[in-house]
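I opened this one up today and kept notes as I went. Here is what I was looking at.

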Amino acid sequence: MAATARSVLKVSRTPFARSLVSSSRFSTTAAKNTNLKERLAQLIPAELENVKAVRAEHGKKSFGPVLVDQLYGGMRGLPALIWDGSVLDAEEGIRFRGKTIPECQALLPKAPGGQEPLPEGLFWLLVTGEIPTQEQVTELSKDWAARSALPEFVEELLDRCPPTLHPMSQFSLAVTALNHDSAFAKAYQDGISKKEYWGPVFEDCMDLIAKLPNIAGRIYRNVFGKGKLPSIDASKDYSHNLATLLGFGDNEAFVELMRLYITIHSDHEGGNVSAHTGKLVGSALSDPFLAFAASLNGLAGPLHGLANQEVLLWLRKMQSQIGENATDEAVKEYVWATLKGGQVVPGYGHAVLRKTDPRYTAQREFALKHMPDDPLFKLVGQIYNIVPDILLEAGKAKNPWPNVDAHSGALLTHYGLTQMQFYTVLFGVSRAFGVAAQLIWDRALGAPLERPKSYSTAAIDKMFKGKQ
Ligand code: FAM
């Protein structure tokens, strides 16, 4: 078996296949003159061989014991999924196809005059493992602009939502409804072969990403009374269009923020609630709209994406109770009161990370460059100096350091996007990039239906009674 696997590995070691085995060996430039779908079609056969070979060589090897505590403890740390797009290290944080956030900032194409990476490039990287050329990202911007229109009934659906319905619920409704035009659902009904699934899934994923600015913009304008939605400009990049639809397109710093924001929020390996939910639902061959709507419903939870809203609510409540420019002592008391009230400090802690989230650091650096004197930014910094020690002293949280959500609200507030109920929608727009890339690869590699085993407490007791 091993000999066969080794010989398969030998023939399959194209640059892409190798890159997935060892992320440090990426090819840095994508093949020229191809669009994303064509490039992907070139990469899939080698990756199918690569997976086959790895399974043949290592498929029967054990990952070690599973502890009963992991069954009760939210499966923390349980090795259970494969996703090559991004990997999260507890100390170092996220890498997208082997690249850290600063590396992505340095390497990915930028808009003319811009300094932050274009999310178009990040999507290309997630899908292919390659750094795209400027032309290739421009092509993606244009493609997404061309696909951006919403079906009229989805616009009407959003317009009929009461403004009191949370923006995340509206977002999920609209994405679910896009399944009306799913290329994959139609192809499946028409009897498409399993080998061809990835093609219509790719088309759906491109449509999904493309339509999100119109959904987000419409929700924002409807809920917060911001007037009529302008149209998408096919000559502009995705983040510029998103900013314009929200009403901030004239502010170049805000547009840059959107480019960075989408890039760093796009993906966080496969096990987080939104990424995993998308993969799980997609594994039933629900189309990408249904799968991503499920991701959004997970992202809408306060322990996950809604934490960015919760942080701002918590900060505003703090300011109303102890005033602005409060002393460290007063802030400490407020943090302790939060903990003693049986609540979490939003924006702090993480299920995997054990250091300050590099996504927090990237946002802090953006703030230092663009808004060093902003009072809310200063408060976020003051809290950073206070909360970790308190969480350590309280002794429960395994990670006392800030995560991505501790910072984003302060940046958005600075530019006038003060409606905190909307913040998780922006996280959702970004997370589509990672979930979509994963759905495409899952169908290309023929990932099976997910179906882990659950046990009853009585069964656990019976199984292990009297054993060490
Ligand atoms: N404040 C207070 N208590 C906390 C805490 C925090 N920020 N973080 C963890 N704990 C508690 C936790 O509630 C648990 O208490 P119990 O034993 O009473 O259940 C204990 O410490 C051990 O938890 P853990 O193992 O350190 O963390 P988990 O892996 O169970 O949970 C988080 C991870 C993110 C859900 C948790 O740290 C948390 O609730 N943080 C605040 C909410 C937040 O910021 N979420 C966003 C996470 C983010 F990165 C994202 O998904 N966007």
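This is a predicted model: local features need pLDDT of at least 70, side-chain atom pairs count only at pLDDT 80 or more; totals for chains, interfaces and linings use all residues.

My entries below go from the overall fold to the active site and then the ligand.

**Overall fold.** I looked up the secondary structure and found 22 helices and 2 strands. The radius of gyration is 23 Å, close to the 23 Å that the globule rule gives for 468 residues, so the protein is as compact as a globular protein of that length. I also noted that the C-alpha trace spans about 70 × 65 × 40 Å along its principal axes. Buried residues make up 45% of the 468.

**Core.** Which members of the largest nonpolar core touch the most other members? Out of 112 residues, I got Ile 209, Ala 436 and Ile 440. I followed up on Ile 440, whose contacts beyond four places in sequence include Trp 198 and Phe 202.

I checked UniProt, where an unreviewed entry puts "active site" at His 304, His 350 and Asp 405. They span 102 residues in sequence, yet no two of their C-alpha atoms are more than 10.8 Å apart, so they gather at one spot.

Then I asked: is His 304 buried or partly exposed? It is partly exposed, with 19 other C-beta atoms within 10 Å. I found His 304 in the loop between helix 15 and helix 16. His 350 sits in the loop between helix 17 and helix 18, and is buried, with 22 other C-beta atoms within 10 Å. Beyond four places in sequence, His 350 is in contact with Asp 357, Asn 399 and Asn 403.

**Ligand.** Asn 403 turned up again here: among the 22 residues around the ligand, it is one of those that come nearest, along with Gly 349, Ala 351, Ala 397 and Lys 398. I sorted the shell by class and got 10 nonpolar, 8 polar and 4 charged residues.

Terms used:
Residues are numbered from 1 along each chain as its sequence is written. A residue is near a molecule or strand if its C-beta atom, placed from the backbone, lies within 6 Å of it. Ala, Val, Leu, Ile, Met, Phe, Trp, Tyr, Cys and Pro count as nonpolar, Asp, Glu, Lys and Arg as charged, and the others, Gly among them, as polar. A nonpolar core is a set of buried Ala, Val, Leu, Ile, Met, Phe, Trp, Tyr and Cys residues joined through C-beta atoms within 7 Å. A residue is buried if 20 or more other C-beta atoms lie within 10 Å of its own, exposed if 12 or fewer, and partly exposed in between; C-beta atoms are placed from the backbone. Two residues are in contact if their C-beta atoms, placed from the backbone, lie within 7 Å. Helices (H or I, at least four residues) and strands (E, at least two) are DSSP runs, numbered from the N terminus. The radius of gyration is taken over C-alpha atoms; the globule rule is 2.2 Å times the number of residues to the power 0.38. UniProt positions are given in the numbering used here, feature names are shortened, and annotations may be inferred rather than shown by experiment.
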